Amino acid sequence: MNFDRDVKFTDDKESLIFNATDPDMKAFKDRGGKLLLYHGWSDAAIPPVNTIHYYESVVEKMGRKQADEFVELFMVPGMQHCGGGPGASDFGAMSPARLIRITA
């Protein structure tokens with residue numbers, strides 16, 4: 001593997017699938033979509049500020065008034081990556097821990 005060449009190659013091929021970075025959510029909003037973003041402040045896998053920056057890019061692209069109609073950001077103190085840690089981890093949705101209990 002050539003790190004300099006292969007990482008760029010992979011990003012070019014896969015980033016549209018795996019990286020949610022496009023702030024233009026007009027089509028999503030127009031179909032009635034609602035986006036709830038949450039991120040744990042103790043996430044060691046993905047820097048929490050990445051989610052803040054994405055949210056801010058949506059607000060900048062869509063405008064504050066439109067963004068307020070369909071997107072919310074919740075930053076969770078103490079929560080690690082997708083759950084765990086000393087903070088809240090369960091918000092009543094289908095978390096990975098709940099899926100394991102349901103399917104087991």
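Which residues does valine 58 touch, not counting residues up to four places away in sequence? You will find the reply in the first view below. This is a predicted model, in which local features need pLDDT of at least 70 and side-chain atom pairs count only at pLDDT 80 or more, while totals for chains, interfaces and linings use all residues. Residues are numbered from 1 along each chain as its sequence is written, and side-chain values use heavy atoms, with hydrogens and water left out.

**View 1. Valine 58 and the largest nonpolar core.** Valine 58 touches Pro23, Met25, Gly63, Phe70 and Val71, leaving out residues up to four places away in sequence; contact means heavy atoms within 4.5 Å. The largest nonpolar core has 11 residues, among them Met25, Val58, Phe70 and Val71. Such a core is a set of buried Ala, Val, Leu, Ile, Met, Phe, Trp, Tyr and Cys residues joined through side-chain atoms within 4.5 Å. Two or more core residues come from each of strand E1 (35–40), H3 and helix H4 (64–70), with H3 giving the largest share, five residues. Helices (H or I, at least four residues) and strands (E, at least two) are DSSP runs, numbered from the N terminus.

**View 2. Threonine 51 and its partners.** Look for threonine 51 in helix H3 (residues 48–62). Its side chain and that of histidine 39 are joined by a polar contact of 2.5 Å; the term means a pair of N or O atoms within 3.5 Å, where within protein one must be able to donate a hydrogen and the other to accept it, and residues adjacent in sequence count only if both atoms are side-chain atoms. Beyond its neighbours within four places in sequence, threonine 51 is in contact with Leu37, His39 and Leu73. Why is threonine 51 counted as buried? Its relative accessible area is 15%, and buried means under 20% (1.4 Å probe, protein chains only).

**View 3. Lysine 29 in helix H2.** Here we visit helix H2 (residues 26–30), the place of lysine 29. Lysine 29 counts as buried because its relative accessibility is 19%. Setting aside residues up to four places away in sequence, lysine 29 touches Met62, Gln66, Glu69 and Phe70.

Technical notes
Buried < 20%, exposed > 50% of the residue type's maximum accessible area, 1.4 Å probe, protein only.
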